[in-house]
Structures are given as C-alpha cells and as structure tokens.
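Hello,

Here is the structure we talked about. Please open it, then read on for what turned up.

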Amino acid sequence: MAKPGPMFAKPLSVLLSDVFSDAYAKQGFAARELVTRWREIIGPELSAHCEPLKMQWPRPVEGQQQEPATLVLRVEGPMALEIQHASDVILQRVNRFFGWSAVGRLALRQGPLSRRERPRPAPPPDASQIEQVAQTLSSIEDEQLRAALARLGASIKRN
C-alpha cells in the first residue's frame, strides 16, 4: 500500500474566494479588491470615515455606451459633509484604481461603519513609577486603596 504524499494546507482565501466573489457580485462589485483595499485606494484619512456598500450599475440601453456606475458609500454621520466635499477626489482615486471611468457619482448613506480599528489599550505603568507615586500617598491607611491610587497616578503622569 502506497503511503500518501504530504498534505499542504490551503490558504483560507483560496477556499473561500468563490463564496466571497458571489457575495461581492450581488452588491455590484466586479472585484472584491475595491472593498478589501479601500484604505489603500482612497487613503487613510478618508477611509477612516467611509466604506463602500455597493455599486449600482444603470441598465444598459441598446445601441448606447454603458454609463458609469454609482458607488454607494456608508459614511459616519458627522463626516458626511466632508466626504461630499471630497467626492471628486474619491471618484478620481477609485477610477484610477479601475483604470477606466467606472464610477460616475457617489451616493452617501449615513450610518455607523462596520469595520473599526480598535484603539489598543495603553500598557500598564512601570513598577518604579507606581512606587514613586505610592511614596507620596503615605497618609492613606488602606493598602489596596493606596496601590490603586498609585497605579492611577502613575498612569496619569505617563500621559
């Protein structure tokens, strides 16, 4: 009996590429790169406040050239006006990504963004800093309270 050859794990992106392609196609995206590379395409300043929802393609009229699509963006409420003012820049960058004038206009939908970069929690202060603050709290009798206040004081001094 022959020994089976080594099995190599396939990347998850390869296994799920058809699933994701179908989901993006239903939203009008010909390629998922517009969604996955959004930050690279329009820049970190603008991408922090908006994300692509779908592309709406107009129905083709026989004998006429295909009209460009409408890119629907989800925008955080207070930033909608800024994104509207930057719409020319966004359109230019998206069309440069596609290599042709694929998107003709933007439609904005206000709402919370689905992807958010979570701020990393600050590391705890050094033990030496905590000890320095603890020495100034000698009038507090409760040791647990003194330790908690020392940690708080060291965190405040660090910032």
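Leaving aside its neighbours within four places in sequence, which residues is Asn95 in contact with? They are Trp100, Ser101, Ala102 and Val103. Before the rest, one caution: this is a predicted model.

**Asn95**

Asn95 sits in helix H6, which covers residues 87-98. Is Asn95 buried or exposed? Asn95 is buried, because its relative accessibility is 14% and the cut-off for buried is under 20%. Two of its contacts involve backbone nitrogens. The Asn95 side chain reaches the backbone nitrogen of Ala102 at 3.0 Å. A polar atom of that side chain also lies 2.8 Å from the backbone nitrogen of Val103.

**The tryptophans**

Trp100 is one of the contacts of Asn95, and Trp100 comes up again here. How many aromatic pairs does a search of the whole structure find? The search finds two. One of them is formed by Trp57 and Trp100. That pair is stacked, at 6.3 Å centre to centre and with 20 degrees between the planes. Where do the two partners lie? Trp57 is in the loop between strand S1 (50-56) and strand S2 (69-75). Trp100 is in the loop between H6 and strand S3 (103-110). The pair therefore ties together parts that are 43 residues apart in sequence.

Trp57 has a relative accessible area of 36%, so Trp57 counts as partly exposed. Trp100 is partly exposed too, at 49% relative accessibility.

**Helix H8**

Now look at helix H8, residues 143-158. Two of its residues are worth a click.

Ala154 is in this helix. Ala154 is buried, because its relative accessible area is 2%. Leaving aside neighbours within four places in sequence, Ala154 is in contact with Pro125, Gln129, Ile130 and Val133.

At 32% relative accessibility, Leu149 is partly exposed. Which residues make the nonpolar surface patch with Leu149? Leu145, Leu152 and Ile156 do. The patch is about 350 Å².

**Where to click**

Start with Asn95 and the backbone nitrogens of Ala102 and Val103. Go on to the stacked pair of Trp57 and Trp100.

Best wishes

How values were computed. Residues numbered from 1 in each chain as written. Predicted model: local features only at pLDDT ≥ 70, side-chain atom pairs only at ≥ 80, totals over all residues. Heavy atoms only, no water. Helix = DSSP H or I, 4+ residues; strand = E, 2+ residues; numbered from the N terminus. Buried < 20%, exposed > 50% of the residue type's maximum accessible area, 1.4 Å probe, protein only. Polar contact = N/O pair within 3.5 Å; in protein donor to acceptor, adjacent residues only side chain to side chain. Contact = heavy atoms within 4.5 Å. Phe/Tyr/Trp six-rings, centres within 6.5 Å; stacked < 30°, edge-to-face > 60°. Patch = residues over 30% accessible without salt bridge, like charges linked within 9 Å, V, L, I, M, F, W, Y side chains within 5 Å. Areas by Shrake-Rupley, 256 points an atom, 1.4 Å probe, with all protein chains shown as cover. Salt bridge = Lys/Arg side-chain N within 4 Å of Asp/Glu carboxyl O.
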